[in-house]
Amino acid sequence: MNTNVVNVLISTYNGELYIEEQIDSILNQTYSPVKIYVRDDGSKDQTLQILKNYQEQGKIVLIEGENVGYGKSFMNLLNFTADGEFWAFCDQDDVWDSHKIEYAVERIKTLPQNLPAMYFHNFSVTNEQLEEQSIYRNRIPGYSFPMAITECLHLGFATVINKEMRKQMLRGDIDRLSTHDWWAELIAMEFGNIYTDDYIGAKHRRLDVSVSSNNLSTRVKWFLKALKGNAEICNITRMFLEVFADEMKESDKKVLEWFVGERYSLSKALKKTFYGHRWRSSLSSELVVRALMLIGRI
C-alpha cells in the first residue's frame, strides 16, 4: 500500500465533451491513493453538472469558481490542496495511460526531495478522435534557465511535482501569475531538478480551442499579443525576479534582468538580440523572438 498521496488538479472550462473520459482515466490509475480536485473556471455548458455527478459519488472534490484564466485557476487549486506528497496538473480533454501516476511517483522519488522536483513524460499528440498525429519528445540538448525564460517546454498536463516545488510555486502572487507550468519550469531549472521520461504517459487532444494548443493560429495570436507589448515573458520574469532575486545564481540573474524594466533599453535589447546561446528550440521561433527583443516587445 502506497502512503504518498498524489493530488490531481484539473481546471475545467466548457469541457463537457471530454471531461468524463479524462476523469475516468484518472480513476483507472494503477497507483493509489489519488485524490482528484477539480476547479471549474466558470463554465457555461454542462461541465459543472457532469462534475457534480462525480462529486456526489465521492470521486472528486469540486470547487466552483468564477472565470479567472487557467493559470490562476491552477494556482488556486495548488494553494487549496495542502495535504499530500505529490501534485499532478491535468488538462480537461486528455486521456491518461493507466500507469502514469505509478511511473511518475517511482521516478520523481529518485530526485532529492529537499529541492523543487518535477517529473515530465512524453505524450502522444492526437486529434479530437484520439488518433495519433505525432509524439512530443522533450529532450533538448543544453536546455538551461535562460532558455526557460522565453519558452515553456515542460507543459503542465505532463508534469508531476513534489512538496518542495509546491511550496516554492506558492511564493508567487497567485493573482498575477497567468501561467502555472512556466512558473514551475523556471523554479525547477534554477533551484531544482527535472526528470524527463521517454514514457508516453498521455494522449493529448490538440484542439483549436485548447488553452495549451500550439497550432499556427495560437502562435499567430501570441505573436500579435507580443507585438503589442503583452508577452507573458515580461510578466513572469518580473515576478521571478521579485520573489527569487536574492537566491538566484548571479549569471542567471543578470540574464533575467535584461527582461525587466518599464522603459525600452537599447542596451538590454541588444544583449538579448545578440545573446550567444539559443533562446528557443525551434529555429523559426528563435528568429521571431530575437526580432521582438530588438524592438523591445520582449
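How many nonpolar, polar and charged residues does the lining of the second largest pocket have, by class? That lining has eight nonpolar, four polar and six charged residues, where Ala, Val, Leu, Ile, Met, Phe, Trp, Tyr, Cys and Pro count as nonpolar, Asp, Glu, Lys and Arg as charged, and the others, Gly among them, as polar.

The model is a predicted one, in which local features need pLDDT of at least 70 and side-chain atom pairs count only at pLDDT 80 or more, while totals for chains, interfaces and linings use all residues. Residues are numbered from 1 along each chain as its sequence is written, and side-chain values use heavy atoms, with hydrogens and water left out. The pLDDT, the predictor's confidence in each residue from 0 to 100, averages 92 over the protein, and 92% of the residues score at least 70. Over residues 209-214, however, the pLDDT is below 50.

The second largest pocket is lined by 18 residues, and Cys234, Phe259, Gly261, Arg263 and Gly296 are those nearest its centre. Helix H9 (232-244) and helix H11 (266-273) are the elements that give two or more residues to this lining, and H11 gives the most, with three residues. Helices here are DSSP runs (H or I, at least four residues) and strands are likewise DSSP runs (E, at least two), numbered from the N terminus. A pocket is found on a 1 Å grid over the protein atoms alone, as an open set of points with protein on both sides within 12 Å along at least five of seven lines, whereas a cavity is a set of points where a 1.4 Å probe fits but cannot get out; lining residues have an atom within 4 Å of a point.

The largest cavity is lined by Arg176, Leu177, Ser178, Thr179, Glu232, Asn235 and Ile236.

Glu257 lies in helix H10 (residues 250-257), and because its relative accessibility is 32%, Glu257 counts as partly exposed, a class between buried (under 20% relative accessible area) and exposed (over 50%), with a 1.4 Å probe and protein chains only. Leaving aside neighbours within four places in sequence, Glu257 is in contact with Leu241 and Lys268, contact meaning heavy atoms within 4.5 Å.

In helix H2 (residues 47-56), the buried residues are Thr47, Ile50, Leu51 and Tyr54. They are on the same side of H2 because they cover an arc of only 95° around the axis, the arc being that of the directions from the helix axis to the C-beta atoms. These buried residues pack against strand S1 (6-12), helix H1 (19-27), strand S2 (34-41) and strand S3 (61-65).
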